[in-house]
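Here is a short report for a reader meeting this structure for the first time. Please keep the sequence and the 3D view open while reading.

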Amino acid sequence: MAEFTGKGYDKGRPAAVCAAWALVAEPLTRSIACPPSVRVKVLRAFGAQIGENVNIRNDVRIHWPWKLTVGDNTWIGVGSYLLNLEPITIGEDVCISQQTFLCTGSHKADDVAFEFDNAPIAVEDGAWVAARATVLRGVTIGRDAVVGATALVFKDVPEGARVLAPRSEVKEPLS
C-alpha cells in the first residue's frame with residue numbers, strides 16, 4: 001500500500017472548505033443541540049441540495065455535503081453515516097432509518113497500490129432503508145423498495161423489491 005496515490009478521487013472542494021466542514025460545521029450538524037432546520041441550512045450552505053420538509057436527525061455523519069442530494073419529505077435517522085466520497089442521491093418520501101451506512105468508497109483489492117474503487121449511490125423515491133442496513137458503492141435502491149434491518153446490499157434493488165437480512169436476499173414485489 002506504499003504505492004497508494006488516491007488517483008481518481010476528487011474531494012470536490014478546496015482544502016480550506018473541506019477543513020471548515022470537518023472542524024466546525026460537521027460537528028455542529030451532528031449535535032443534538034442543533035435543531036433540524038439549522039442542520040439543513042448549514043448543509044445547504046456547504047453545497048448540499050436538500051428539498052423541503054426534510055428531517056435529518058442528530059448524529060448523522062455526512063462526509064462531504066456538496067456530494068449529497070436529498071428530495072422532499074425525506075427522513076434520515078439518528079446515527080446514520082453517509083460516506084459520500086462520490087455522490088449520494090436520495091429521492092422524495094424516503095426513510096433512511098437509524099444507524100444506516102451508505103458507503104460510496106472502496107478499494108481495488110487486487111491492485112498493489114490499493115487505489116480507490118468508488119461509485120455513487122442512489123435511493124429512489126419512496127424507498128425505505130431500515131435500521132443498521134449497509135448499502136455499498138454503485139448501488140441503486142429502486143422506487144418503493146425496502147431494505148430490511150441489518151441487510152448488506154451490494155447490488156441494485158429493483159423497484160418495489162424487498163431485501164431481507166442477513167443474506168441480502170431480494171424478494172420480488174407482490175403482485
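This is a predicted model: local features need pLDDT of at least 70, side-chain atom pairs count only at pLDDT 80 or more; totals for chains, interfaces and linings use all residues.

Start with two helices. Helix α1 covers residues 15-30. Helix α2 covers residues 36-45. Their axes come within 9 Å and cross at roughly 155°. Because angles over 145 degrees count as roughly antiparallel, α1 is roughly antiparallel to α2. The crossing of the two helices is left-handed.

Which residues of α1 and α2 meet? From α1 come Trp-21, Ala-25, Leu-28 and Thr-29. From α2 come Arg-39, Val-42 and Leu-43. By class, this contact has 5 nonpolar residues, 1 polar residue and 1 charged residue.

Is Ala-25 buried or exposed? Ala-25 has a relative accessible area of 6%, so it is buried. Leaving out residues up to four places away in sequence, Ala-25 touches Ala-20, Val-42 and Phe-46. Ala-45 sits 20 residues from Ala-25 along the chain, and their C-alpha atoms are separated by 9.8 Å.

Now turn to the strands. Strands of a sheet pair through backbone hydrogen bonds, either parallel or antiparallel.

Thr-69 stands opposite Thr-89 in β7.

**A sheet from β3 to β15**

Another open sheet also has 5 strands. Its order is β3-β6-β9-β12-β15, with parallel pairing. The edge strands are β3 (61-62) and β15 (152-153), and each pairs on one side only. Strand β12 (residues 134-136) runs parallel to β15, and 2 bridges join them. Thr-134 has Leu-152 in β15 as its bridge partner.

Strand β9 (residues 101-103) holds Cys-103. With a relative accessible area of 8%, Cys-103 is buried. What does Cys-103 touch, not counting residues up to four places away in sequence? The list is Leu-83, Ile-121, Val-135, Leu-136 and Arg-137. Val-135 lies 32 residues from Cys-103 along the chain, yet the C-alpha atoms of the pair are separated by 6.2 Å.

**Residues in loops**

Begin with Asp-59, in the loop between β2 (55-56) and β3. Asp-59 is partly exposed, with a relative accessible area of 32%. Leaving aside neighbours within four places in sequence, Asp-59 is in contact with Arg-30, Val-78, Gly-79 and Ser-80. Arg-30 is 29 residues from Asp-59 along the chain. The C-alpha atoms of these two are separated by 4.1 Å.

Next comes Phe-116, in the loop between β9 and β10 (121-123). Not counting residues up to four places away in sequence, Phe-116 touches Phe-4, Gly-6, Tyr-9, Leu-85, Ser-106, His-107 and Lys-108. The C-alpha atoms of Phe-116 and Ser-106 are separated by 5.8 Å, with the two residues 10 apart along the chain.

Asn-73 has a positive phi of about 60°, although it is not a glycine. Asn-73 lies in the loop between β4 and β5 (75-76). Its relative accessibility is 38%, so Asn-73 counts as partly exposed. Arg-132 is also a residue other than glycine, and its positive phi is near 60°. Arg-132 lies in the loop between β11 (128-129) and β12. At 52% relative accessible area, Arg-132 is exposed.

**C-alpha separations at a glance**

The table gathers the pairs named above.

| Residue pair | Apart along the chain | C-alpha separation |
|---|---|---|
| Ala-25 and Ala-45 | 20 residues | 9.8 Å |
| Asp-59 and Arg-30 | 29 residues | 4.1 Å |
| Cys-103 and Val-135 | 32 residues | 6.2 Å |
| Phe-116 and Ser-106 | 10 residues | 5.8 Å |

Conventions
Residues are numbered from 1 along each chain as its sequence is written. Side-chain values use heavy atoms; hydrogens and water are left out. Axes are lines fitted to C-alpha atoms, for helices over the stretch in contact, and angles run from 0 to 180 degrees between N-to-C directions. Helices (H or I, at least four residues) and strands (E, at least two) are DSSP runs, numbered from the N terminus. Angles under 35 degrees count as roughly parallel, over 145 as roughly antiparallel, 65 to 115 as roughly perpendicular and the rest as oblique. A crossing is left-handed if the near helix is turned anticlockwise from the far one by less than a right angle, and right-handed if clockwise. Contact means heavy atoms within 4.5 Å. Ala, Val, Leu, Ile, Met, Phe, Trp, Tyr, Cys and Pro count as nonpolar, Asp, Glu, Lys and Arg as charged, and the others, Gly among them, as polar. Two strands pair if DSSP finds at least two bridges between them. Buried means under 20% relative accessible area, exposed over 50%, partly exposed in between (1.4 Å probe, protein chains only).
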